[in-house]
Amino acid sequence: MSLGEMTEGKLRILRAVSTLLEDPAGRVTISKIAKTIHVTDAAIYRHYKSKDEIFSSLLAYMETNLLGPFNAAQQESQDTVLRMSTVFNHYMDFIEGHPGLARLYLGHGATEASGVAERIKMLHAKMRSQIAQILRIGQARNELAEGLSPEQGTEIFYGMLVSASMAQVYGFPMVEVSERWEAFSVSTLGVASRAV
């Protein structure tokens, strides 16, 4: 589901939830959502039946944005470096632009609504599977660093994503995006950075 397919009211609600998720000490409630966007609780219920439905919609947005780049990368090029660069750049932009969702990606807020923890777990599994698939194809094309398996490359890439999310969420010092890509491309793809 893309943001373009949603009503303005639903978008405002999802943005409010994303903002509320930035606060590690707070719980998301219908009342807090309503207060954030200056409406009544009843106005929230005109768009969503429950907090579970709000989180389901938010997770659908995350799934689209975190799994969608794989399709784009595969259509864009057969080159493993370019495919991984496309995915990497999209993820870095997503994490930076959605600090509340980066927190949810790390599991914070997983108890806010039913099914959230399981969907986050499945999202991670699908992302890892897609990364491994790109790297398996790269290995078949001799585009991985010598002696590195697709599974090892997946661990390196995924570790980078989690690390970037943690730096965003907790305000840790963060290596520049271009330096992260350089480290990954040299260690996993055996090439100096071509583009990010």
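Which helix does T188 lie in? T188 lies in helix α9, which covers residues 177–189; helices here are DSSP runs of H or I with at least four residues, numbered from the N terminus.

## Ground rules

This is a predicted model, where local features need pLDDT of at least 70, side-chain atom pairs count only at pLDDT 80 or more, and totals for chains, interfaces and linings use all residues. Residues are numbered from 1 along each chain as its sequence is written, and side-chain values use heavy atoms, with hydrogens and water left out.

T188 has 0% relative accessibility, so it counts as buried (under 20% relative accessible area with a 1.4 Å probe, protein chains only; exposed is over 50%, and partly exposed is in between). Leaving aside residues up to four places away in sequence, T188 touches L135, L144, A145, L148, G153 and I156, where a contact means heavy atoms within 4.5 Å.

The side chain of T188 also has a polar contact of 3.4 Å with the side chain of S187. That label takes a pair of N or O atoms within 3.5 Å; within protein, one must be able to donate a hydrogen and the other to accept it, and residues adjacent in sequence count only if both atoms are side-chain atoms.

## V169 in α8

Over in helix α8 (residues 150–170) sits V169, which is buried with a relative accessible area of 13%. V169 touches P99, A102, R103 and L106, again not counting residues up to four places away in sequence. From V169 to A102 is 67 residues in sequence and 6.7 Å in space, C-alpha to C-alpha.

## α4 alongside α7

Helix α4 (residues 51–76) packs against helix α7 (residues 116–140) at an angle of about 0°, with the axes 11 Å apart. Axes are lines fitted to C-alpha atoms, for helices over the stretch in contact, and angles run from 0 to 180 degrees between N-to-C directions. So α4 and α7 are roughly parallel (angles under 35 degrees; over 145 is roughly antiparallel, 65 to 115 roughly perpendicular, and the rest oblique).

On the α4 side, the contact residues include F55, L59, L66 and F70, while α7 brings residues including V116, I120, L123 and I134.

## α4 against α5

The α4 helix also packs with helix α5 (residues 80–97), this time at about 155° and with axes 8 Å apart. That makes α4 roughly antiparallel to α5. Among the residues that meet are Y61, P69 and A73 in α4, and L82, V87 and F94 in α5.

Key: Helices (H or I, at least four residues) and strands (E, at least two) are DSSP runs, numbered from the N terminus.
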